[in-house]
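Work through the exercises below with the model in view. Try each task before reading its solution.

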Amino acid sequence: MTDLAAAVESVAQLSTVWRAMVLDRNEKADVRDLPGLTIRWADCRFAFWNAITLTEVGVERELLEQRVLRAAEIMRSKQRPGFLWLFEDLLVGDVRDTLDTVAQRAGLVHAFPGTGMAGDLLPVPEPHHPDLTFERVTTDEQLMAYADINSRAYGFDVADGRDGLAGSALWKQDVFAYLALREGTPVACAATVEAQGRLFVILVATEPDQQRRGYGEAVTRKALFEGARATGLTRATLHATVAGAPVYPRIGFVPNSPIRFYTLAS
């Protein structure tokens, strides 16, 4: 798969998975597909469920400015903050160097970087870690533990993560969501969900004081193992943060497009 094809796949996976996630959170969520822009905005406290991304290929400077301005306008119309996702490989080469300037003029600031990843890596062996046991999320209590780990790992208020996941039937039934427990206490979590013939990895997190012990990798492997066993899928995709970027290639993922996340300037 070419770099461009991988970037297009990555955008499509975001659009597909996030549509399900935000409608699960808010049946009146904004899930419009506009010219050059996909909106997936639940308008909830969990900022990851409030997203816009550019979708066109070969975007040049003038078009980039138009799309980013429109995205910023939409973001300002919402009650809750979220992110504009920009996949760099969709842009004409030298336009990437102007991204931050274009975003700044639209009233956006760079929040953090990410990387799209994918691979024909399934099935994976069933994982084992000497410190851990694994549980699938099937109860509200387990789902809240999953939300809380994500909140602490990403620096959100605990109430933010709970607003994103509380009461979700989707996460307890259709998502292959797993907790990693150390001596009975949840310390890490990961999930996979089927999307367009792929298994998408979502919301991987480890408690801040339990990181760098292999827990995130182990529970990600568990979610991939169980998801692949249930679906028979062979290809997996994800969007990695800086913390996760070194981990996923060890599982078999290949990095593709860099991603820049922007939010409204305060």
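**Exercise 1.** Find which strands helix H1 lies across.

Solution. Start at residues 3–25, which form helix H1. Helices (H or I, at least four residues) and strands (E, at least two) are DSSP runs, numbered from the N terminus. H1 lies across S2, S3, S4, S5, S8, S9, S10 and S11. Its direction runs at about 70° to S9. Axes are lines fitted to C-alpha atoms, for helices over the stretch in contact (heavy atoms within 4.5 Å). Angles run from 0 to 180 degrees between N-to-C directions. Next take helix H2, residues 61–76. H2 packs on the sheet and touches S1, S2, S3, S4, S5 and S11. Its direction makes about 20° with that of S2.

This is a predicted model: local features need pLDDT of at least 70, side-chain atom pairs count only at pLDDT 80 or more, and totals for chains, interfaces and linings use all residues. Residues are numbered from 1 along each chain as its sequence is written, and side-chain values use heavy atoms, without hydrogens and water.

**Exercise 2.** Trace the order of the sheet and name its edge strands.

Solution. The open, mixed sheet has 11 strands, ordered S1-S2-S3-S4-S11-S5-S10-S9-S8-S7-S6. Strands pair if DSSP finds at least two bridges between them. S1 (33–34) and S6 (132–136) are the edges, each pairing on one side only. Inside, S3 and S4 run parallel, joined by three bridges. Ala 51 stands opposite Phe 83 in S4.
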